[in-house]
Amino acid sequence: MNIFDYAKHLFFSPDLESKLLCPSIVDDFSGEVISEDVADLYPARDESISFSDEQVKFPRKGALRQDEKKGLALHFFANHELLAIEMMAAAILFLKPSKNIEHKEIQKIRRGLLTTIRDEQKHFKLYQNRMQEFGCRFGDYPLNDFFWRQMQKVKSLDEYLSVMAITFEGANLDFAHYYREVFKEIGDSKTSSIMNVVYEDEITHVALGAHWLNKWREDESIWNYYLNSLPELLTPSRAKGIIYDEEARTRAGLDSDFIKTLKVYKDDFTVTQRKEWNASK
Ligand SMILES: [Fe+2]
Ligand SMILES: [Fe+2]
């Protein structure tokens, strides 16, 4: 299957099963991106998994001993995985690097994105299966579209990698680490080990972003290149979670200047407030 047909299948099919189609069937990486503005698009989703404006609070750490709250926490995580799959499909379909690069390089990026999609599908299924053991089905709670709304501001692959890999997946290093320990503390080793699978894979996803941004930045520091590639109103504050895992970022190939600068980075955090996470702090 051609990679564009595959990405279209993920993005434009409304049902969950289609979005979980394994990318191993892709054997043709050629093709030109579709010139359409991501700002005008929304991933197709049927009634059972449709987006909602209704706000649900992420459960507090202390409440996570209850199965119902565990299910709710995993429901949040699973939604992030599904959004990641749709955002990656959109990146394949609609985005080019801001610089002219060889077609061979584009094909390499596409392979990297497919490997990442495969991991996100795996994460989704791990969360979904565990959630079911807590009596929760995907779609039982409202599904927010925050990540997609950020994706709509993205105009190039540089911006995509800055937003997705370095910012959202970067923050997820911290969250996956934190919740791995939380579940371990409360004696839920099964959920803790799922968080560890996500954590380890996420390092490779951040590494994909770090690899290409490092290639494209030339003499600029990766921090500046990253900062200049972030769309308006999205700040590096979103690239950090409840804790700050420096080791994971080093393993992902981010340099020590970047890691130190991000660590001390502060802004008023108004637009990037994480309502769903605040309760757990
Ligand atoms: Fe994931
Ligand atoms: Fe990821």
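Leu-233 sits in the loop between helix 8 and helix 9 (246-251), helices being DSSP runs of H or I with at least four residues, and strands runs of E with at least two, numbered from the N terminus. The phi of Leu-233 is near 70°, a positive value in a residue other than glycine.

Glu-218 likewise has a positive phi, near 55°, and belongs to the loop between helix 7 (189-216) and helix 8 (222-229). Because Glu-218 has 8 C-beta neighbours inside 10 Å, this residue is classed as exposed. Most residues other than glycine have a negative phi.

## Basis of the model

This is a predicted model, in which local features need pLDDT of at least 70 and side-chain atom pairs count only at pLDDT 80 or more, while totals for chains, interfaces and linings use all residues. Residues are numbered from 1 along each chain as its sequence is written, and chains are lettered from A and ligands numbered from 1 in the order in which they are written.

## Overall fold

The protein contains 11 helices and 0 strands. Its radius of gyration, taken over C-alpha atoms, is 18 Å, close to the 19 Å that the globule rule (2.2 Å times the number of residues to the power 0.38) gives for 281 residues, so the protein is as compact as a globular protein of that length. Buried residues account for 40% of the 281 residues.

Note on methods:
A residue is buried if 20 or more other C-beta atoms lie within 10 Å of its own, exposed if 12 or fewer, and partly exposed in between; C-beta atoms are placed from the backbone.
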